[in-house]
Amino acid sequence: HYETLRSQKGQLSSWREAGVDIRFVVYDLLPVQRPEFFSAAHPAAFRDWLHQLPEFDGVICDSRAVAEEFKAWFSPATMPLPPHFKVDWFHLGADLRNSKPTSGIPDGGSALLDLLGRSTGFLMVGTVEPRKGHAQALAAFEALWARGIEVPLVIVGKQSIKVDHIALKLGEHPQAGRLLHWLESVSDEFLERLYGASSCLLAASEGEGFGLPLIEAAQHRLPILARDIPVFREVAGAHATYFQGLAPTVLARAVETWLALHAEGKHPSPDDLPWQTWAQSADQLLERLGIDPGQRTVGESKGG
């Protein structure tokens with residue numbers, strides 16, 4: 001899809017010459033920040049796409065953190081943005097019930113919900129790929145299990161690239177089906193029930209543009225243990241517990257510390273974590289574009 005901009009540049013440029021404000025949404029800069037997480041051709045294509053953006057009017061990022069990263073990447077000393085170029089941000093929406101959710105409980109789903117209901121289970125939500133921290137998480141929980149700390153780990157997410165070794169280990173793990181559960185695809189209904197039955201969301205990703213699972217967890221009053229990265233701080237603020245470091249021992253200690261806080265009811269509560277609906281997200285985007293959200297065109301609605 002990065003090639004689309006190059007192929008459509010003539011049309012976009014003609015619109016701009018006619019007075020149309022052309023801006024692009026940027027969700028993250030990970031392909032150029034952490035190219036090792038992507039296929040060989042992906043970072044170069046993304047870099048080419050980025051280089052074409054200053055020819056237009058601006059970008060709107062899905063978080064303040066990404067907006068700051070965008071401005072830092074276009075260094076004034078090496079690759080300055082033109083004076084007219086606008087860099088802004090908005091936040092995504094999170095109201096699954098109003099977005100035609102899918103339904104259905106998988107085989108074994110009731111037993112898993114029962115396990116989570118009678119234990120202190122951790123939930124990870126997101127594609128299984130290198131940057132998401134699944135390898136560190138699995139090694140950390142293996143260390144805990146070896147010491148007799150039997151806390152379940154549930155992973156929800158499809159397998160992506162460069163994780164064949166992780167996928168193999170998850171599928172053939174001695175604790176698979178007992179303390180370790182990997183669900184590659186679940187309905188929205190079952191995901192919501194997992195959020196409701198779990199004791200803690202584990203957000204171990206090394207890089208994100210936003211962090212929607214943190215908000216979905218907060219909607220279900222599910223406490224959060226997250227890696228200390230800027231965008232997670234932006235989204236969750238003081239409503240989450242944070243950890244630093246890539247070593248499994250670091251995360252294992254963070255889980256143990258969280259369990260101790262949880263036992264005493266002293267972990268940060270997600271109850272007051274702010275979030276917005278998709279309609280509110282759309283209004284925020286319009287405001288960033290300088291458009292009054294109340295002046296929608298005929299046929300549009302605030303229902304998203």
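Predicted model: local features only at pLDDT ≥ 70, side-chain atom pairs only at ≥ 80, totals over all residues.
Local features need pLDDT of at least 70, side-chain atom pairs count only at pLDDT 80 or more, and totals for chains, interfaces and linings use all residues. Residues are numbered from 1 along each chain as its sequence is written, and side-chain values use heavy atoms, with hydrogens and water left out.

Helix α5 spans residues 109–117. Helices (H or I, at least four residues) and strands (E, at least two) are DSSP runs, numbered from the N terminus. Gly109, Leu112, Leu113, Leu115 and Leu116 of α5 are buried. Buried means under 20% relative accessible area, exposed over 50%, and partly exposed in between (1.4 Å probe, protein chains only). Exposed residues Ser110, Ala111 and Gly117 sit on the face turned away from the buried side. The cover over the buried residues of α5 includes β5 (153–156), β6 (180–183) and α8 (188–197). Contact here means heavy atoms within 4.5 Å.

A search of the whole structure finds nine aromatic pairs. Rings of Phe, Tyr and Trp (its six-membered ring) pair if their centres lie within 6.5 Å; planes under 30 degrees apart count as stacked, over 60 as edge-to-face and the rest as tilted. One of the pairs joins Phe46 and Trp49. This pair is tilted, at 5.6 Å centre to centre and 35° between the planes. Phe46 and Trp49 are three residues apart in helix α3 (residues 42–52), so about one helical turn separates them. Phe46 is buried, at 4% relative accessible area. Trp49 is buried too, at 11%.

Phe122 and Phe141 form an edge-to-face pair, because their planes stand at 70°, with ring centres 5.4 Å apart. Phe122 belongs to strand β4 (residues 122–125) and Phe141 to helix α6 (residues 134–146), so the pair ties together parts that are 19 residues apart in sequence. Phe122 is buried, at 0% relative accessibility. Phe141 is buried, also at 0%.

Ring pairs also build a cluster of Phe24, Phe46, Trp49 and Phe56.

Two arginines are placed over rings. Arg233 lies over the face of Tyr242, 3.8 Å from the ring centre. The charged end of Arg288 sits over the ring of Trp89, 4.8 Å from its centre. A charge sits over a ring if NZ of Lys or CZ of Arg is within 6 Å of the ring centre and within 35 degrees of the ring normal.
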